[in-house]
Each structure stands twice: as C-alpha cells, then as structure tokens.
Amino acid sequence: MSLAAEAFVSQIAAAEPWPEKATLYQPLKEDQILLSDSASSLAVQTFLRMCGLPVQVSCCANAEYMSPSGKVPFIHVGNQVVSELGPIVQFIKAKGHSLSDGLDDVQRAEMKAYMELVNNMLLTAELYIQWCDDYTATEISRPRYSSPYSWPLNHILAYQKQWEVRRKMNAIGWSGKSLEQVYEDVSQCCQALSQRLGTQPYFFNKQPTELDALVFGHLFTILTTQLTNDELAEKVKSYTNLLSFCHRIDQTYFKEHDRESQVS
C-alpha cells in the first residue's frame with residue numbers, strides 16, 4: 001500500500017467513532033511486566049480515561065512482539081493498531097478528542113518540552129535500573145521478563161533484551177553512569193516537574209493534558225513498584241506536591257471512575 005493510500009485509510013479510520021471494545025495490550029501484569037512498560041501502559045490508560053474513552057486492558061505474554069513498533073503498550077481500535085503514547089495521542093486527536101486544545105502555542109511547546117524531559121530522564125532511568133544494574137537485572141528483570149517462556153528461550157530473550165537496552169545506553173552516553181548518578185538525574189527531573197506544577201492541581205492549572213497522564217504514569221508506577229531497594233521511590237517522595245498530584249489523579253480517574261462504572 002502506498003503512503004497516500006495508508007494516509008487515506010488512517011483518515012477514514014480516525015473519522016470512525018470510538019468503539020465499545022477498544023483494547024489496550026500490555027505484558028502480563030502479575031508475573032512479567034517491568035517498571036518501564038508498566039509506567040508507559042499506565043500513562044496511556046490515564047490519557048484515555050482523561051479523554052473519557054473506555055478501553056479494555058488485555059495482558060498478553062507476547063504483547064511486545066504483537067506491537068507494530070515492538071514497544072508496549074499498544075491499542076487496537078477497530079481495524080487500527082497504534083503503539084506508544086505519542087502516536088496514540090495523535091490518533092485520538094484525529095478522532096476529535098484532545099486534552100491540549102485549550103493551550104496556546106507557547107504552552108503547547110512547553111508541554112512537549114516537559115514530556116521530552118520525562119521520556120529522556122525518567123523512562124531512561126527506569127530502563128537503566130532494570131537492565132544495567134546487575135543486581136536488579138538478576139533478581140527482577142531477567143526472571144520477570146522471561147517468565148512466560150521455557151528454557152532455553154527464556155534465557156535467550158532476557159539476555160537479548162538486556163543487550164539491546166545496554167547498547168541503547170551506550171549510544172546515548174548513559175553506559176558510564178553510576179547508579180547514584182542515575183538517581184540524581186531522577187531527582188533533578190522531579191525537582192523540575194515539582195517547580196512547574198507548583199500549587200496547581202495539574203501542570204496547566206485546572207485541566208489535565210497528556211503531560212499529566214505521562215507524569216502520573218511514571219511517578220505512580222515508581223511509587224508502587226517493588227525494586228531491590230526504595231531509593232528510586234524515595235526521590236519522588238521528596239516532593240510533596242508530586243505525591244498529592246499522583247493521589248489526585250488516582251482518586252479522580254481510577255478509584256472514582258471505577259466506582260461510577262460499578263454503579264452504572
């Protein structure tokens with residue numbers, strides 16, 4: 001199919017209403033999913049809930065290999081499959097749902113800059129801790145990542161993933177960092193987010209944007225995921241307004257939302 005034909009098909013699909021049976025795919029929640037993928041999946045789920053778009057979460061052992069980009073999460077909407085938060089935001093916008101339409105050009109540029117900060121610092125730190133810290137990789141990452149598979153495939157896939165992440169860290173200049181330096185990067189990122197948030201309920205005052213969904217996905221997952229120590233979570237806990245922010249979104253878009261769904 002040509003690029004023009006693909007663009008036409010995408011436009012037609014985007015014009016279709018949101019279906020009742022949209023599905024988000026992620027790795028197995030209890031036994032397999034790792035911190036970084038859990039954070040990314042929660043960010044997308046939060047974004048969809050903020051948009052008022054229902055989605056069913058499906059946990060699959062091979063979700064990563066089902067994804068068109070090789071990354072999770074991805075959503076299946078009608079006959080369209082879209083992976084990762086950025087493309088999903090654009091896909092949803094084409095369907096007429098946007099959280100950032102109320103922002104001016106300066107605010108929109110600022111939002112994108114902070115989203116880049118989260119992806120470049122928090123997501124990269126999560127990947128580093130999972131696969132470049134030998135103790136975490138041995139005790140948590142390799143066993144969980146490979147848990148659905150039998151020997152020898154489990155070892156092959158885990159070491160392949162570790163090699164891919166370490167190669168990426170080398171390419172972006174993170175391979176020479178110590179664990180303490182990575183924790184300090186996380187702290188600096190949290191400080192920047194805390195200063196931008198201030199006393200507002202959301203980063204751009206009273207209405208959430210995709211930045212709020214992304215930040216919540218990562219911070220809440222860091223706070224609630226058991227690692228080999230608590231240092232990563234402690235960096236987040238140093239900022240009380242970020243803790244309140246996480247609690248607010250959890251209450252508004254998950255606990256209250258779930259209660260309303262049960263009532264209806």
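Predicted model: local features only at pLDDT ≥ 70, side-chain atom pairs only at ≥ 80, totals over all residues.
The elements that give two or more residues to the side of domain 1 that touches domain 2 are helix H2 (35-50), helix H3 (63-66) and helix H4 (85-94). H2 gives the most to that side of domain 1, with 11 residues. Sorted by class, the side of domain 1 that touches domain 2 has 13 nonpolar residues, together with six polar and five charged ones.

The bounds behind this description come from the domain assignment of the protein, which gives domain 1 as residues 3-95 and domain 2 as residues 105-263. The C-alpha centres of the two domains lie 19 Å apart, and 24 residues of domain 1 are in contact with 35 residues of domain 2. Between them, domain 1 and domain 2 bury about 2400 Å², and 65% of this area is on carbon and sulfur atoms. Within domain 1, the residues that lose the most area to domain 2 are Leu35, Arg49 and Met50, which together account for 30% of what that side buries. Polar pairing is also present, with 11 residue pairs in polar contact counted between domain 1 and domain 2, both partners at pLDDT 80 or more.

In general, side chains of opposite charge can pair when their charged atoms come close. The structure holds seven salt bridges, and in one of them the side chains of lysine 161 and glutamate 64 meet at 3.2 Å, taken from N to O. Another salt bridge is formed by arginine 108 with aspartate 105, where the closest N and O atoms are 3.4 Å apart. Because arginine 108 and aspartate 105 are three residues apart in helix H5 (residues 105-131), about one helical turn separates them.

Some features of the backbone also deserve a look while tracing the chain. The peptide bond that runs from valine 72 to proline 73 is cis, with omega near 5°, and proline 73 is found in the loop between H3 and strand E3 (74-77). Further along, the loop between strand E4 (80-83) and H4 contains glutamate 84, a residue that has a positive phi of about 75° although it is not a glycine. A cis peptide bond also joins tryptophan 151 and proline 152, with omega about 5°, and here proline 152 is found in the loop between helix H6 (134-145) and helix H7 (153-171).

UniProt, in an unreviewed entry, places the feature "domain: Metaxin glutathione S-transferase" at residues 187-249. In the model, the end C-alpha atoms of residues 187-249 lie 21 Å apart, and the span is 68% helix and 0% strand.

Terms used. Residues numbered from 1 in each chain as written. Heavy atoms only, no water. Domains from an automatic or database assignment. Contact = heavy atoms within 4.5 Å. Buried area = accessible area lost by both parts, 1.4 Å probe. Salt bridge = Lys/Arg side-chain N within 4 Å of Asp/Glu carboxyl O. Polar contact = N/O pair within 3.5 Å; in protein donor to acceptor, adjacent residues only side chain to side chain. Helix = DSSP H or I, 4+ residues; strand = E, 2+ residues; numbered from the N terminus. Nonpolar A, V, L, I, M, F, W, Y, C, P; charged D, E, K, R; others polar. UniProt positions renumbered as here; feature names shortened; annotations may be inferred.
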